[in-house]
Amino acid sequence: MLQSLTGFLVETLRETVAEFGTAVQDAAPKVLTAVVFLALAYVGIRVILFVVRGVLDGLYPEEQDLVVELGVAVAGVFLWFGAALALLNIVGMTEVAASLGTATGFIALGVSYALSNMIADTVAGVYLLRDPDFNPGDRVKADPVTGTVSSIELRKTRFESDEGDTVVVANRDVEKKWTKYDVDAPEDASAADAT
């Protein structure tokens, strides 16, 4: 009985090793293809991000590095996500890749809706940073403040009010309507008439 049990265990072990060897042989081409793809994707994405950074650095002055970093980060996320979906297809997980792509689309839609104000502030901030008529040091009226622009950030603008207070206003509110005053001219017609 001990001999038959030992024979059974040896035979089971042989079958298991043979099945494992067959599975490794079947998977080896996919694994090798996946490794080569990952190496090429890494190099390709690094080159693309280098080019994107160079283009954005050429478009935006050094003070606006925040916009450049945001652009490079967004491009990197999209490129790596696409590479991950392609990798899943290469290793034979096509259904998982399709499901992941669809689910990510729905999640992105929900997140973009939830973050719509933040996205509006960021887009308005990019416009304000690019506007040659709106710069730190300018005297500006933007609801609810009239004062000097202290700093323009990606989501908010800081003003020093006429009372000396620092007022922070969301960029979407500033971009809607603002008026730049000439430093030497009166602020409005009634002030000009009063003098």
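This is a predicted model: local features need pLDDT of at least 70, side-chain atom pairs count only at pLDDT 80 or more; totals for chains, interfaces and linings use all residues.
The domain assignment divides the protein into domain 1 (13–92) and domain 2 (130–180). Taken over C-alpha atoms, the centres of domain 1 and domain 2 are 41 Å apart. Leu-9 and Glu-160 stand 151 residues apart along the chain, and 83 Å separates their C-alpha atoms. Leu-9 belongs to helix 1 (residues 2–59). Leu-9 counts as exposed because its relative accessibility is 52%, above the 50% cut-off. Glu-160 lies on the uncovered face of strand 3 (residues 156–161).

The helices come next. Helix 2 (residues 65–90) contains 26 residues. From first C-alpha to last, helix 2 reaches 37 Å, close to the 38 Å expected at 1.5 Å a residue. Buried residues of helix 2 include Val-67, Val-68, Val-72 and Ala-75. Gly-76, Ala-83, Leu-85 and Leu-88 are buried in helix 2 as well. After helix 2 comes Gly-92, which has a positive phi, near 95°.

An unreviewed UniProt entry annotates residues 31–56, 68–90 and 96–115 as "transmembrane region". Residues 31–56 are 100% helix and 0% strand, with end C-alpha atoms 37 Å apart. Residues 68–90 are likewise 100% helix and 0% strand. Here the end C-alpha atoms lie 33 Å apart.

UniProt also places a feature, "domain: Mechanosensitive ion channel MscS", at residues 117–173, again from an unreviewed entry. Over residues 117–173 the chain is 30% helix and 40% strand. The end C-alpha atoms of this span are 10 Å apart.

Thr-122 sits in helix 4 (residues 116–130). Thr-122 counts as buried because its relative accessibility is 17%, under the 20% cut-off. Leaving aside residues up to four places away in sequence, Thr-122 touches Leu-70, Leu-154 and Arg-155.

Strand 3 pairs with two other strands. Strand 2 (residues 145–152) and strand 3 run antiparallel and are joined by 5 bridges. Gly-147 has Ser-161 of strand 3 as its bridge partner. Strand 2 and strand 3 make a hairpin, with 3 residues between them. Strand 3 also runs antiparallel to strand 4 (residues 166–170), and 5 bridges join this pair. Lys-156 has Ala-170 of strand 4 as its bridge partner. Strand 3 and strand 4 form a hairpin with 4 residues between them. Gly-164, in that turn, has a positive phi of about 95°.

Thr-157, Phe-159 and Ser-161 make up the covered face. Lys-156, Arg-158 and Glu-160 make up the uncovered one.

The largest nonpolar core has 24 residues. Phe-134, Val-140, Phe-159, Val-174 and Trp-178 touch the most other members of this core. Helix 1, helix 2, helix 4, strand 1 (139–142) and strand 2 each give two or more residues to this core. The largest share, 5 residues, comes from helix 2. This core draws at least three residues from each of domain 1 (13–92) and domain 2 (130–180).

Methods: Residues are numbered from 1 along each chain as its sequence is written. Side-chain values use heavy atoms; hydrogens and water are left out. Domain bounds come from an automatic or database domain assignment. The expected span of a helix is 1.5 Å times one less than its number of residues. Buried means under 20% relative accessible area, exposed over 50%, partly exposed in between (1.4 Å probe, protein chains only). UniProt positions are given in the numbering used here, feature names are shortened, and annotations may be inferred rather than shown by experiment. Two strands pair if DSSP finds at least two bridges between them. Contact means heavy atoms within 4.5 Å. A nonpolar core is a set of buried Ala, Val, Leu, Ile, Met, Phe, Trp, Tyr and Cys residues joined through side-chain atoms within 4.5 Å.
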